[in-house]
Amino acid sequence: MFGNTGKIIEVDLSAGTIGQKTLPEEYYKKYIGGSGLAAKLFWDRGNFDTEPLAPEAMLVFMNGPFAGLKMSGASRNSVAGRSPLTGVWGDSSCGGYFAPELRYAGYDGIVITGKAKAPSLLVIEDDNVSLVDAAPYWGKGIESVNDGLKEKYGKNCRTVVIGPAGEKQVKFANIMNEAHHAFGRAGFGAVMGAKNLKGIVVKATKKDMTIADPAAYEKLRKEVNPALKEALAAVVLGENGTAANLEGGMVNGDVPVKNFASNYNEEMGSKLTGSELTDNYLTKRSACAFCAIACKRVAEVKEGPWKTPEGPGPEYETIAAFGSLMNSADLAATIKVNRVCNDYGLDTISCGMTIAWAMEAFEKGHLTKADTDGVEIRWADMETVINTLVPAIALRKGNLGELLAEGSVSAANKTGKDSIDYTCHSKGMEAPMHDPRGGGHGLALTYATSPRGACHVATPMLFMEMGACYWPEIGFEYELEPMTDENKPESAVISWEMGSIENSACWCQFADREMQISQWVDLFNFVAGYNWDADEMLRAGRRVFYLKRLINSRFGLTAKDDDLTPRMLEPARDGEPEGIEINLSGMIERFYGLAGIDPEKGIPTRDTLSEYGMAEEAAAVW
Amino acid sequence: MEFWQDTKQPIDAFLKMFEKCMVDPELSAGLKKVNQVILFDYTQDGPDCSFWIDTRGGKLTAGAGKPSDKPDLIMSLSADDAHRSWSNKLNPVMAITRGKIKVKGSATGLLKLAPKLKRVAELYNEVLQESGQADKILK
Ligand code: SF4
């Protein structure tokens with residue numbers, strides 16, 4: 001096999017056994033890698049009754065075919081399984097340095113089941129894979145655990161670690177690589193916690209890579225890498241990080257304010273935007289493995305209430321979630337809370353969204369001090385957020401911690417009093433910090449149809465509506481008007497194909513914007529030795545999207561679950577998009593027709609599945 | 001050129017627009033934050049078809065041709081697309097993606113300018129109106 005190693009590690013934590021398995025090449029050709037291949041392994045196991053936090057639950061870490069190949073943005077890794085936050089399919093992607101090291105050690109992925117009797121670490125040193133005692137690390141924050149592991153296993157080892165929030169099985173606990181890069185979404189930190197698995201250490205001594213056509217690949221790499229680096233988006237991201245355009249996004253209505261009640265506050269936009277972070281708090285830029293774009297931030301707050309030592313700085317999502325979403329323009333507070341959340345191991349999107357919901361619930365009197373252990377939860381009160389709410393959530397402290405640690409949807413369901421109306425999610429996954437009412441109506445469609453729930457990185461729709469994608473080879477050469485439904489179902493089909501390819505190939509959406517379709521195809525062919533054309537590649541992307549929907553169907557989801565909450569569809573109270581209604585049901589209906597999806601069951605029809613070489617899967621659901 | 005009779009005409013209009021921007025309270029504050037020298041390069045339509053703005057150090061100046069200091073940012077496009085762009089009728093991201101606009105240098109200033117384009121377009125339309133070129137105003 002070329003590109004991929006074909007090998008995965010299988011760990012049964014209950015039995016304490018570790019094995020290796022070789023996967024058929026057909027799996028890679030059909031489902032690419034990353035979250036696509038993880039979905040195939042999950043589907044094969046067929047254990048759909050297992051609760052996400054049960055010992056038998058399956059947790060999969062999976063690389064893409066380009067991990068370790070020295071291309072900007074191509075070395076991400078996916079974690080996948082049944083999400084404890086949503087109860088349905090979940091996957092989460094992480095940049096950083098884990099994927100190449102795993103590849104160099106000789107593996108494409110790790111499949112973990114069972115529950116260890118005591119806190120454990122999985123240690124991978126080339127062919128030696130072992131489980132070791134993690135008692136000294138249990139209960140500790142991610143930064144100190146990462147430091148401790150580097151001390152023990154050498155500074156070149158790579159780590160993925162959960163924090164106290166994962167141990168306490170907070171439903172949106174994350175997993176951190178190198179204490180900087182997050183497998184943020186869907187709560188897989190809680191799954192590791194439930195398995196008594198504190199972390200994974202990987203250390204490779206070799207860097208062997210076998211690819212199909214090294215000379216052709218090298219030529220292509222030399223062409224693609226500079227183009228990716230020099231693209232305007234890359235320059236912007238490098239200069240001012242992922243929040244570079246927060247100010248512009250605010251003017252367009254893309255940045256949520258006050259729990260999505262609004263999406264416009266110019267002053268907030270100018271105070272929270274990326275250049276403010278650069279000018280006032282940035283100490284240096286940082287990057288994922290081999291990425292020349294370097295959008296990651298290292299920041300320090302030298303003085304004031306949010307004094308924070310130099311360390312990983314916040315990304316756009318965190319700045320908006322703990323800034324405008326909470327009606328706060330305090331950028332220093334977002335730097336502080338980012339470090340606090342990272343150390344506890346909390347997804348900053350779901351955490352910010354859950355707290356913003358609680359702020360609105362408290363304002364409306366739906367939550368009172370009797371529910372919150374006496375804590376007043378007020379808009380923009382960052383002191384309470386940082387010193388009281390985040391620790392309460394991470395450690396499940398008191399009634400308040402227990403309530404919010406389950407996520408906004410569960411908290412609203414428990415609270416009642418119509419508080420569910422102002423949650424913002426799809427399928428139980430809190431929405432990210434891009435408001436479809438301003439960001440673009442196509443985004444509403446892809447949020448709603450996303451297998452893992454509201455997600456801006458599952459597809460490139462945000463970039464397509466912005467005008468940052470141009471793929472004439474596959475029919476995407478038209479301009480999209482963000483504030484209408486025109487051509488959105490058509491472009492959503494393409495966006496699901498391309499997004500599934502990106503996420504299965506584990507490529508960063510910020511880095512690959514300049515990649516042309518022919519270059520994508522060449523890469524697969526030169527690295528993995530396929531004989532693909534564009535159509536064959538898109539078919540693989542489509543198959544991944546279909547399979548994830550089939551998995552969700554086995555969890556009981558139907559077309560009805562492709563929806564957004566009233567708060568996300570009602571016109572924002574101010575800002576430009578005010579009054580423009582999103583025709584979500586109309587877009588979904590047309591999208592189903594174009595994508596061959598049954599309008600009741602919400603899964604591809606039998607004919608569609610057969611057309612995509614998924615007759616076996618069709619037999620299981622039809 | 002679709003909109004212009006010669007290469008002097010667009011530069012005159014754009015410079016007049018910038019004069020208005022510099023005294024507009026909101027825009028002048030925004031421009032000062034840009035803190036860069038920017039060259040707007042339309043020389044694909046003629047060697048003299050360019051102008052620059054200097055927003056450094058809290059002062060705002062602009063002129064035809066090339067700046068004496070090295071620009072932090074150069075935006076190259078056609079004078080027609082510049083007209084569309086200052087009229088806020090050209091999606092800049094799309095124009096860049098499709099190679100209609102080429103950008104070289106630090107993009108920080110560009111991002112500071114982008115949210116202000118709507119107001120800039122209002123002033124640009126005023127210039128066209130006042131200079132007897134109302135027929136050029138894009139609806
Ligand atoms: S663009 Fe940023 S997030 Fe993406 S791979 Fe590069 S450094 Fe990582």
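Is A:Asn225 buried or exposed, and what is its relative accessible area? In this predicted model, A:Asn225 is buried, because its relative accessible area of 16% falls under the 20% limit.

**Surroundings of A:Asn225**
- Helix α7 of chain A, which spans residues 214-230, contains A:Asn225.
- Leaving aside residues up to four places away in sequence, A:Asn225 touches A:Lys70, A:Met71 and A:Ser72.
- A polar atom of the A:Asn225 side chain lies 2.9 Å from the backbone oxygen of A:Lys70.

**Ligand shell**

**Interface between chain B and chain A**
- Chain A contributes 24 residues to the contact, and chain B contributes 19 residues.
- About 1700 Å² is buried between the two chains, with carbon and sulfur atoms giving 56% of that area.
- The two chains are joined by 1 salt bridge, formed by A:Glu247 and B:Lys112, whose closest N and O atoms are 3.2 Å apart.
- Polar contact across the interface involves 9 residue pairs, with both residues at pLDDT 80 or more.
- On chain B, the side touching chain A draws at least two residues from each of α2 (25-34), α4 (92-97), β5 (102-105) and α5 (108-113).
- That side of chain B has 8 nonpolar, 5 polar and 6 charged residues.

Technical notes
Residues numbered from 1 in each chain as written. Chains lettered and ligands numbered in written order. Predicted model: local features only at pLDDT ≥ 70, side-chain atom pairs only at ≥ 80, totals over all residues. Heavy atoms only, no water. Contact = heavy atoms within 4.5 Å. Buried area = accessible area lost by both parts, 1.4 Å probe. Salt bridge = Lys/Arg side-chain N within 4 Å of Asp/Glu carboxyl O. Polar contact = N/O pair within 3.5 Å; in protein donor to acceptor, adjacent residues only side chain to side chain. Helix = DSSP H or I, 4+ residues; strand = E, 2+ residues; numbered from the N terminus. Nonpolar A, V, L, I, M, F, W, Y, C, P; charged D, E, K, R; others polar. Buried < 20%, exposed > 50% of the residue type's maximum accessible area, 1.4 Å probe, protein only.
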